[in-house]
Amino acid sequence: MTLRARKFLESYQENTPCLVVDLDIVRQKFQEFQYLMPDTDIYYAVKANPEHDILKLLTELGANFDAASVEEVKMCLAAGATADRISYGNTIKKKTDIAEAYRLGVRLFAFDCIQELEKIADVAPDAQVIARILCSNEGADWPLSRKFGCDPDMAEELLEAAHNLGITPAGICFHVGSQQGNPQAWDQALETTATVFKNLSEKGIELTIVNLGGGFPAQYLDLIPEAENYSDAINISLKKHFGNRLPKTIIEPGRALVGDAGVIQAEVVLISRKSHDDPTRWVYLDIGKFGGLAETMDEAIRYPIRTQRDDDQRMPCIIAGPTCDSVDVLYEKKPYPLPVSLQIGDKILIESTGAYTTTYSSVAFNGFAPLKSFCV
């Protein structure tokens with residue numbers, strides 16, 4: 001946790017939980033991507049954290065934006081971004097939403113089936129389209145396979161259909177899975193993408209863009225490779241598969257830009273055991289899956305948790321949220337070590353929570369308010 005975030009929380013008197021995002025960390029992460037991948041356009045994945053101050057900062061730094069809805073498009077515009085810096089990357093869109101985004105000036109759309117392509121062609125006649133292909137998500141803590149994308153052979157057909165419909169087939173996109181721990185994960189997808197480029201070029205259709213998606217990790221409990229390992233691996237793969245005819249490249253970091261910038265302060269509500277001789281404590285917090293920690297589903301993301309008693313002896317415990325829902329358990333299959341001296345009413349810090357927390361927080365499940373958020 002940064003000094004700025006710590007000072008804010010020391011003066012914070014309202015009820016927890018709350019999220020604090022240090023904008024200096026967001027700036028540092030963005031500039032690191034700029035330095036490591038200078039020839040690649042950075043499209044921030046707005047869904048990770050659409051806080052206005054974050055979008056405004058990234059706009060000022062020269063970022064582009066990957067929007068998943070018309071509302072996210074409007075958020076980017078309200079933060080000062082121009083429409084030519086926004087991509088509508090969701091492959092599942094209402095026709096009315098495509099039309100509205102087009103009216104607002106967006107011209108770059110992703111798709112993965114003929115039905116979606118026909119919607120785009122009908123209401124966004126001079127759009128550029130990028131076909132999303134399926135690829136392996138092995139190595140990712142939060143896989144994104146199956147729901148999005150199509151077979152590469154189908155992608156070729158779809159891009160050819162786009163050409164015949166009079167809209168511009170711009171390129172290929174894919175996603176190797178969120179919190180990807182393997183820097184080599186992009187290689188196979190790039191090999192496939194290069195084949196699609198080559199096949200369509202032979203038909204007179206020249207693609208120009210490869211959207212490498214997200215997948216770049218934040219620092220949770222497990223160690224992750226250094227950022228330059230990812231940029232080096234991707235650059236090597238691009239040169240290996242495309243030779244001297246390198247395409248324009250896009251990345252869509254979300255978690256990697258804002259994850260490490262955030263910390264949630266929460267409170268211990270209850271500590272109990274299920275029987276007199278049960279060695280395992282249950283620690284209930286005032287935040288759970290429905291309050292913003294949805295990525296603990298299947299214990300996929302294991303957040304660093306700090307307490308004021310971390311110098312004391314620790315024992316594994318089960319951590320759960322406060323709601324009347326039996327699935328609101330964060331860590332049970334692999335119990336989490338917390339201090340034996342932990343007390344009801346203690347404040348705890350859940351680190352690396354700047355991404356996918358406020359946006360996953362329910363509106364009022366069980367009457368609990370959405371997760372409060374502050375930028376410092």
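**Cavities, pocket and core**

Tutor: Start with the largest cavity: its lining is R132, I133, L134, C135, N137, L144, S145, F148, F174 and H175. A cavity is a set of points, on a 1 Å grid over the protein atoms alone, where a 1.4 Å probe fits but cannot get out; lining residues have an atom within 4 Å of a point. Two ground rules come with this predicted model: local features need pLDDT of at least 70, side-chain atom pairs count only at pLDDT 80 or more, and totals for chains, interfaces and linings use all residues. Residues are numbered from 1 along each chain as its sequence is written, and side-chain values use heavy atoms, leaving out hydrogens and water.

Student: What volume does the largest cavity have?

Tutor: A volume is the space filled by probe spheres set on the points, with grid points joined across faces, edges and corners. For the largest cavity that gives about 40 Å³.

Student: How many cavities of 30 Å³ or more does a search of the whole structure find?

Tutor: The search finds two. Residues that line it include S87, L108, F109, I130 and E252. Strand β5 (residues 108-111) gives the largest share of that lining, three residues. Helices (H or I, at least four residues) and strands (E, at least two) are DSSP runs, numbered from the N terminus.

Student: How is a pocket read, and how much space lies in the largest pocket?

Tutor: A pocket is an open set of points with protein on both sides within 12 Å along at least five of seven lines. About 650 Å³ of space lies in the largest one. It is lined by 33 residues, and K47, R132, L144, F148 and Y356 are the closest to its centre. β3 (64-67) and α10 (255-258) are the elements that give two or more residues to the lining. By class, that lining has 15 nonpolar, eleven polar and seven charged residues.

Student: Which residues have the most contacts inside the largest nonpolar core?

Tutor: First, the idea. A nonpolar core is a set of buried Ala, Val, Leu, Ile, Met, Phe, Trp, Tyr and Cys residues joined through side-chain atoms within 4.5 Å. Buried means under 20% relative accessible area, exposed over 50%, and partly exposed in between (1.4 Å probe, protein chains only). The largest core has 100 residues, and Y44, F109, I172, F174, W186 and I350 have the most contacts inside it. Helix α8 (residues 186-201) gives the most to this core, with seven residues. Apart from it lies another core of eight residues, among them Y43, A110, I130 and A170.

Student: Which residues does F109 touch?

Tutor: Contact means heavy atoms within 4.5 Å. Leave out residues up to four places away in sequence; then the residues that F109 touches include Y88, I98, Y102, I120 and I130.

Student: Which residues of helix α4 are buried?

Tutor: In α4 (residues 70-78), the buried ones are V70, E72, V73 and C76. They fall within an arc of 160 degrees seen down the axis, so they line one face of the helix. The arc is that of the directions from the helix axis to the C-beta atoms. The cover over these buried residues includes α3 (52-61), β3, β4 (86-88) and α5 (95-103). G80 follows α4 and has a positive phi, near 110 degrees.

Student: Is L36 buried or exposed?

Tutor: L36 is buried, with a relative accessible area of 19%. This residue is found in helix α2. Leaving aside neighbours within four places in sequence, L36 is in contact with A227, E228, S231 and N235. At 38% relative accessibility, Q31 counts as partly exposed.

Student: What should I look for in the backbone?

Tutor: Look at omega and phi. The peptide bond from T16 to P17 is cis, with omega near 5 degrees. S352 is not a glycine, yet its phi is positive, about 55 degrees. At 8% relative accessibility, S352 is buried. N366 also has a positive phi, near 60 degrees, but N366 is partly exposed at 39%.

How values were computed
Ala, Val, Leu, Ile, Met, Phe, Trp, Tyr, Cys and Pro count as nonpolar, Asp, Glu, Lys and Arg as charged, and the others, Gly among them, as polar.
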